[in-house]
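Please look at the sequence and the structure shown below before reading on.

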Amino acid sequence: MGGERASRLAKLGIRTIGDLLWHGPKRYEDRNQPHEIKRLAKGDIATVAGPIVASGVKRMRGGRSLFEFIIDDGTARLHCRWWNMPYMNRYYKTGDTVHVHGKLSSEKPRSMDHPEAEVAEEGEEFIHLKRVVPVYRLTEGIKQRWLRAVMWRAVEGYAGQMIDERESWLAGDDSHWLPLPDAFKAVHFPEDLEQTEMARERLALEEFIRFQIQIQEKRKRFRSTIQALDCTGDDRLVKPFIESLGFNLTGSQQRAWGDVSLDMAGSFPMRRLLQGDVGSGKTAVAACAALRAIESGFSAVVLAPTEILAEQHYRVFGNWFSPLGITVHLHTGSKKTLGEIDPAQRELGMDDEALPPVVVGTHALVEEGFALENIGLAIIDEQHKFGVEQRKKLVKKGRYPHVLVMTATPIPRTLGLTVYGDLDCSVIDELPPGRGRVRTFVRTPESLPKVWGFIREKIAEGRQAYIVYPRVDDQGSGNLKAVNQEFEAVQEQLAPHIVGLMHGRLKSDEKESVIGGFLSGEIKALLSTSVIEVGVDIPNATVMLIENADRFGLAQLHQLRGRIGRGTHESFCILVAEDATEEGQHRLAVMEKSSDGFELAEEDLRQRGPGELLGQAQSGLPDFKFGNLIEDWRLIQKARELVARHG
Ligand code: ADP
Ligand code: MG
């Protein structure tokens with residue numbers, strides 16, 4: 001193959017014969033039986049074939065040009081038109097037989113605009129004609145026929161010789177799997193269209209198997225080279241903590257803690273994902289883990305995505321741990337308590353004997369300046385807000401500490417099996433008992449007067465409310481609500497009750513005092529941007545109004561709504577939107593119908609795709625050519641089983 005073409009193929013990600021074979025067709029054309037032109041109706045997408053009976057370029061006003069040829073398949077004529085591509089005149093001549101694929105744009109005369117067209121040449125019939133023909137994604141300088149011919153040679157010459165390493169793995173399997181060489185042949189040059197799905201499944205399975213093997217090897221390498229810090233512990237902190245909690249851990253929490261404590265006593269460092277819907281009580285499990293590290297002689301760090309959440313953990317862990325004699329520090333961009341030595345402790349000469357501390361912080365924890373002796377456990381809360389890099393950096397602060405990452409973004413089943421394949425996973429799948437249910441309503445702005453009345457009523461009953469707008473400041477367009485501009489209006493609506501203002505641009509002590517006021521109950525309603533999206537835990541807040549709700553993604557709406565329904569009272573989430581797009585309306589309808597995080601996440605995945613759902617930085621997913629992360633749950637599962645058994 002010439003260097004020129006090789007470099008063009010490289011643009012399609014094709015550098016080796018292997019890459020070539022994995023470049024699947026984007027669709028197929030059944031050229032055994034082209035459609036009859038006379039049967040086509042406007043809007044139909046079809047392949048037709050016939051000789052060109054006339055062709056030429058028309059010059060139009062304004063320097064535009066139109067190249068057109070007309071084919072006649074014996075049933076009717078079809079006009080094929082291309083604007084501003086006069087050079088096409090060189091490639092298509094009257095008398096050539098062409099195959100054309102496209103959408104009928106009008107019926108009188110029958111026409112297609114910018115269809116895909118290909119001249120049938122003598123000699124290559126078997127590849128390009130009278131069969132189900134693959135149509136590939138192309139790039140500049142690569143022609144369909146050329147690529148198809150190269151693919152034909154690759155399939156015949158190379159795939160045919162390939163040894164299917166999975167043959168023995170799949171031999172006893174219930175489903176019938178094509179051998180790999182046959183799958184390549186059938187995916188590129190199928191005998192009929194039915195074969196293509198079977199072939200795709202085999203190739204997708206192969207991709208998932210290879211991915212699983214990679215993950216497994218990474219794990220093996222990690223486990224064989226790295227010795228864990230011994231966090232067997234003796235329960236002298238964990239036990240009194242659990243007893244003092246004031247509630248019993250749910251069955252799911254107990255199981256999760258069981259998994260964690262086994263890991264921490266094991267011989268390689270824990271790498272565990274704790275997945276649980278908003279409000280399921282992940283923090284208490286994390287606290288047990290932190291205490292286990294401390295009673296084993298190690299410190300623990302807790303990384304949170306926002307200052308507000310870090311402050312909350314600082315407060316919660318402080319309340320839980322100080323009775324046990326453990327110091328909790330805060331380390332954020334604006335506040336660092338670690339450098340300060342507690343004068344009382346110094347006076348008592350307790351410094352040496354003090355238990356190792358817990359440090360709670362934000363991104364500031366992963367920065368160069370932060371150092372902590374003896375880290376035994378790193379906890380990363382709301383993992384989906386961080387990239388893989390940040391996780392790695394934090395872990396490097398210690399000598400391979402145990403790592404517990406937590407997420408409330410319920411990762412759809414298929415993704416859970418792939419993305420987090422390098423983590424063990426525990427799921428908290430029940431909410432603590434006694435939670436009031438959350439009801440969700442979608443409304444238009446016309447209902448706002450009633451909604452405000454409802455909120456006033458709830459506040460009068462003693463509850464608190466969140467009001468969420470998408471913007472901090474109005475950017476002139478005026479169609480999205482901004483908290484700074486609406487603050488006064490909201491205060492008027494809710495007078496005489498006190499309203500707090502919260503957004504990401506406040507200074508951290510301002511945030512702290514607002515949250516403090518809301519927590520103490522002095523502030524009755526919090527007007528906020530989505531900064532409160534993660535983690536904030538104020539059980540008395542039972543009403544949430546989100547305006548311009550269609551501007552938020554499903555995952556985000558679910559997270560936001562997770563701020564309510566945390567106490568015993570019934571909660572209400574009101575989503576207000578005007579002129580939402582169809583997709584936006586659909587999202588809101590889904591929210592109204594379901595409060596199940598998994599269901600919502602699967603829906604989100606369907607709408608947005610995995611990269612966006614997980615954040616590019618951490619998705620780390622290979623680019624599957626045949627596998628589909630959304631639909632192929634069964635294949636992913638199968639690959640996992642096979643690799644576990646044979647890999
Ligand atoms: P999330 O999983 O979203 O991080 P949290 O850990 O913030 O949830 O827990 C939500 C609330 O539930 C907290 O107020 C916490 O104290 C409370 N909680 C946790 N576990 C239980 C339980 N087993 N019984 C009752 N309340 C619990
Ligand atoms: Mg949380």
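Does D235 count as buried, exposed or partly exposed, and at what relative accessibility? At 32% relative accessibility, D235 counts as partly exposed, where buried means under 20% relative accessible area, exposed means over 50%, and partly exposed lies in between (1.4 Å probe, protein chains only).

This is a predicted model, in which local features need pLDDT of at least 70 and side-chain atom pairs count only at pLDDT 80 or more, while totals for chains, interfaces and linings use all residues. Residues are numbered from 1 along each chain as its sequence is written, chains are lettered from A and ligands numbered from 1 in the order in which they are written, and side-chain values use heavy atoms, with hydrogens and water left out.

**The protein as a whole**

The secondary structure of the protein comes to 23 helices and 21 strands; helices (H or I, at least four residues) and strands (E, at least two) are DSSP runs, numbered from the N terminus. Taken along the principal axes, the C-alpha atoms fill a box of roughly 100 × 65 × 45 Å. Of the 647 residues, 51% count as buried. The accessible surface of the protein, computed by the Shrake-Rupley method with a 1.4 Å probe and, for residues, with only the protein chains shown as cover, comes to about 30400 Å², of which 48% belongs to carbon and sulfur atoms. Among contacts (heavy atoms within 4.5 Å) between residues at least 6 apart in sequence, 75% join residues at least 24 apart.

**Nonpolar cores**

A nonpolar core is a set of buried Ala, Val, Leu, Ile, Met, Phe, Trp, Tyr and Cys residues joined through side-chain atoms within 4.5 Å. The largest one has 64 residues, and those with the most contacts inside it are L203, L205, F208, I209, V301 and L394. Helix 7 (residues 193–225) gives the largest share of this core, nine residues. A second, separate core of 42 residues includes A256, W257, A310 and V358. Returning to I209, and not counting residues up to four places away in sequence, this residue touches R166, W169, A639, L642 and V643.

**The surroundings of ligand 1**

Ligand 1 is surrounded by 16 residues, the closest being G279, K282, T283, R435 and D537; a residue is near a molecule if one of its heavy atoms lies within 4 Å of it. This shell divides into four nonpolar, seven polar and five charged residues, where Ala, Val, Leu, Ile, Met, Phe, Trp, Tyr, Cys and Pro count as nonpolar, Asp, Glu, Lys and Arg as charged, and the others, Gly among them, as polar. The table lists polar contacts, that is, pairs of N or O atoms within 3.5 Å; within protein, one atom must be able to donate a hydrogen and the other to accept it, and residues adjacent in sequence count only if both atoms are side-chain atoms.

| Side chain | Atom of ligand 1 | Distance |
|---|---|---|
| Q253 | nitrogen | 2.8 Å |
| D537 | oxygen | 2.6 Å |
| R566 | oxygen | 3.3 Å |

Taken alone, ligand 1 exposes 570 Å², and the protein buries 85% of that.

**Individual buried residues**

Y466 belongs to strand 17 (residues 464–468) and is buried, with a relative accessible area of 0%. Leaving aside neighbours within four places in sequence, Y466 is in contact with several residues, including F518, L526, I532 and R563. Y466 and V499 are 33 residues apart in sequence, and their C-alpha atoms are 9.6 Å apart in space.

R587, in helix 19 (residues 582–593), is buried with a relative accessible area of 12%, and beyond four places in sequence R587 touches D550, F552, G553, L554 and Q607.

A228 is placed in the loop between helix 7 and helix 8 (238–244) and is also buried, with a relative accessible area of 14%.

**Backbone details in loops**

D235 lies in the loop between helix 7 and helix 8, and its phi is near 70°, a positive value in a residue other than glycine. N374, in the loop between strand 12 (358–361) and strand 13 (375–380), is not a glycine either and has a positive phi of about 65°.

A cis peptide bond joins K108 and P109, with omega about -5°, and another joins A495 and P496, with omega about 5°.
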